[in-house]
Amino acid sequence: MTSDRPDTTVDLADPDVTGPDADAPDIAALDAADPLRGFRSRFTLPEGVLYLDGNSLGALPVHTPERIARLVRQEWGEGLIRSWNEAGWYDLPRGLGDRIAPLVGAAPGQTVVCDSTSVNLFKVLTAARRLRPDRRVLVAELGSFPTDLYLTEGVGVAARDRRLLDRDGWTTDSLAGLLADDTAVLLLSHVDYRTGELRDMAGITELAHRHGALVVWDLCHSVGALPVELDAAGADFAVGCSYKYLNGGPGSPAFLYAAARHHDAAEQPLTGWFGHADPFAFEPGYRPADGIGRFLTGTPPLLSMAGLQAALDLWDEVDLTALRAKSLSLTSLFLELTAPLGLPSLTPAEPSRRGSQVSLRHPHAYAVMQALIERGVIGDFRAPDVLRFGFTPLYLSHRDVLDAATALREVLESGVWREQRFTASAGAVT
């Protein structure tokens with residue numbers, strides 16, 4: 001396996017590794033040299049929990065409750081409606097968008113925070129299709145996060161006009177075989193939510209543009225996990241969420257990117273008053289705002305925006321190069337430590353093709369994950385057989401990775417996962 005750091009292999013068969021005095025010097029050295037280690041204290045993390053599900057819901061930044069409380073007590077409670085101007089509420093969608101912009105490699109004025117990922121995807125898919133009125137085909141992934149596929153139906157793409165890449169993996173060559181002169185839009189995830197595979201954004205975007213197609217990127221599993229370069233790749237549109245690696249909080253608003261070259265011609269379908277050129281003129285007809293503002297629709301969710309605002313205070317300080325290096329170090333270590341367990345990995349071994357998660361297969365993955373969660377190792381399960389572990393560099397250490405891998409070994413070797421309390425589904429969310 002290609003490694004991006006010194007060999008830190010630890011023998012999980014060695015019983016000394018699992019003891020409280022287990023001191024793996026190379027792992028300790030990696031943590032001591034970690035330039036991001038100071039961020040851990042700026043998150044609220046429960047005692048006795050190893051949280052490996054930040055790729056689904058990020059942890060709580062320490063200062064987020066105070067920021068939300070300030071909005072409620074002062075800006076709303078005392079400022080009342082004046083706070084739309086005095087506290088800057090009205091400008092938050094564009095302002096927060098410009099703060100996310102450096103995380104996705106976008107120049108100012110091309111990113112806006114609003115709505116949910118699904119709603120924003122509906123907007124940009126429709127806008128992209130309208131920019132290619134003489135083409136009818138949309139190319140997407142059969143294995144993409146389901147909302148992406150559902151939205152291709154929602155925007156009116158007929159089944160005969162959808163060309164889908166194979167669920168079990170695809171290559172640039174197989175993608176090229178689906179692109180043609182009738183392709184209007186290519187919709188792809190930058191990082192696959194099940195496998196953690198990272199796609200070549202620049203190369204794929206260039207390939208689609210050679211065929212005259214526009215590209216929409218889903219960044220939900222890459223923003224905050226690794227550097228993203230939308231402008232440099234020539235991307236057309238992108239959407240992403242803020243409650244995973246960005247730590248904006250449950251239900252925090254999504255973001256939408258539209259390349260500046262499309263602003264004048266783009267027509268999005270949800271023409272609400274916040275996207276109007278002059279909302280408080282109260283005109284009976286719709287005139288789109290200039291620039292990225294035309295992709296806004298309704299009143300912003302200010303309470304959840306306050307949570308995202310607090311999270312972005314942390315991100316203003318993060319070196320994305322260091323973030324990526326630590327992410328690869330953590331995932332490489334976990335892959336090495338779990339290799340002796342014999343679980344097939346869906347995640348690419350090559351660092352350049354990997355996001356910030358590791359997905360392992362087990363025929364009873366749900367029960368195994370429930371047994372891990374009882375031991376304080378929180379990952380998640382994806383049907384039918386995927387154990388998914390997210391590695392968030394701002395608050396996880398290499399020691400955490402060792403402890404999580406050790407817990408997985410113990411669960412598998414003991415067979416505790418076979419107990420009925422782990423095999424019976426306890427809730428709707430897995």
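This is a predicted model: local features need pLDDT of at least 70, side-chain atom pairs count only at pLDDT 80 or more; totals for chains, interfaces and linings use all residues.

**Entry 1: two domains**

I began with the distance between the centres of domain 1 and domain 2, taken over C-alpha atoms, and got 28 Å. The bounds come from an automatic or database domain assignment, which gives 27–62 + 319–419 for domain 1 and 88–315 for domain 2.

Residues are numbered from 1 along each chain as its sequence is written, and side-chain values use heavy atoms, with hydrogens and water left out.

**Entry 2: the interface**

I looked up contacts next (heavy atoms within 4.5 Å). I found 32 residues of domain 1 in contact with 24 residues of domain 2.

For buried area I took the accessible area (1.4 Å probe) that the two parts lose on being put together, summed over both. Between domain 1 and domain 2 that is about 2,300 Å², with 60% given by carbon and sulfur atoms. On the domain 1 side, Leu 320, Arg 353 and Gln 357 lose the most area to domain 2, together 20% of what that side buries.

How many salt bridges are there between domain 1 and domain 2? I counted one, using a side-chain nitrogen of Lys or Arg within 4 Å of a carboxyl oxygen of Asp or Glu. Arg 353 and Glu 197 meet through their side chains in a salt bridge, at 3.1 Å from N to O.

Which elements supply at least two residues each of the domain 1 side that touches domain 2? They are α11 (320–338), β11 and β14. Of these, α11 gives the largest share, four residues. Helices (H or I, at least four residues) and strands (E, at least two) are DSSP runs, numbered from the N terminus.

**Entry 3**

I then followed β11 and β14 into their sheet, which is open, has three strands in the order β11-β14-β13, and pairs antiparallel. Two strands pair if DSSP finds at least two bridges between them. The edge strands, each pairing on one side only, are β11 (357–361) and β13 (380–382).

Between β11 and β14 (residues 386–390) I noted five bridges, with the strands running antiparallel. Leu 360 stands opposite Leu 387 in β14.
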